[in-house]
Amino acid sequence: MLELSLDKRQLCDIQGRLFELSLKSEYESPVFIEAFMNSQAAKCLDDTYDRLQWAGEEYILEELEEEATGVLKKAGELFSRDIMYWIGYVYRYWHYYSGESSREIFRIADARTMEECWLGFHTLDVEMAIDDLKEIYRQRMECS
């Protein structure tokens with residue numbers, strides 16, 4: 001099992017809280033997740049060191065809102081708070097676990113996949129959940 005440093009664990013938590021915070025703004029969850037995972041803000045969090053990593057979730061949300069003007073929608077489907085936190089946390093952990101970028105992670109497990117898998121995966125060890133999500137993607141690619 002990967003032993004994350006305190007700062008990396010904190011970034012996982014911040015990203016989980018960022019995803020939760022999107023609910024307060026009533027951003028449509030699948031659209032928010034896609035916008036974030038493909039954003040410059042996510043790319044900054046993927047970096048070895050970036051000033052945005054020391055900002056809180058409120059500031060990161062402001063950065064995303066500025067970057068994704070016209071993309072984020074305040075209507076539509078909202079995932080539960082628990083699901084949003086889990087998705088945000090797992091995506092950040094996944095980056096540390098595999099080294100893959102946020103954009104690549106989203107391509108493997110999009111918002112719908114994460115939401116659908118939450119019930120069965122949220123009680124698993126994070127690395128096991130990630131491995132299972134990667135296996136689902138691999139099987140889907142074989143079938144297509």
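What radius of gyration would a compact globule with 144 residues have, and what does the protein chain have? Keep that in mind as you look at this model, which is predicted. A compact globule with 144 residues would come in near 15 Å, and the protein chain has 14 Å, so the two agree.

The secondary structure comes to 8 helices and 0 strands, so if you trace the chain along its sequence, you'll read the pattern α-α-α-α-α-α-α-α.

Next, the surface. Of the 144 residues, 49% count as buried, meaning that they have under 20% relative accessible area. The accessible surface of the chain comes to about 7700 Å², and 51% of it belongs to carbon and sulfur atoms.

Finally, let's visit the largest pocket, with a volume of about 230 Å³. It is lined by 14 residues, and the closest to its centre are Asp7, Leu11, Gln53, Trp54 and Tyr96. Helix H1 (6–24), helix H3 (40–46) and helix H5 (81–98) each give two or more residues to this lining, with H1 providing the largest share, 5 residues. Sorted by class, the lining of the largest pocket has 6 nonpolar, 4 polar and 4 charged residues.

Key:
Residues numbered from 1 in each chain as written. Predicted model: local features only at pLDDT ≥ 70, side-chain atom pairs only at ≥ 80, totals over all residues. Heavy atoms only, no water. 1 Å grid on protein atoms, 1.4 Å probe; cavity = no way out; pocket = protein on both sides within 12 Å on 5 of 7 lines; lining within 4 Å. Points joined across faces, edges and corners; volume = space filled by probe spheres on them. Helix = DSSP H or I, 4+ residues; strand = E, 2+ residues; numbered from the N terminus. Nonpolar A, V, L, I, M, F, W, Y, C, P; charged D, E, K, R; others polar. Rg over C-alpha atoms; globule rule 2.2 N^0.38 Å. Buried < 20%, exposed > 50% of the residue type's maximum accessible area, 1.4 Å probe, protein only. Areas by Shrake-Rupley, 256 points an atom, 1.4 Å probe, with all protein chains shown as cover.
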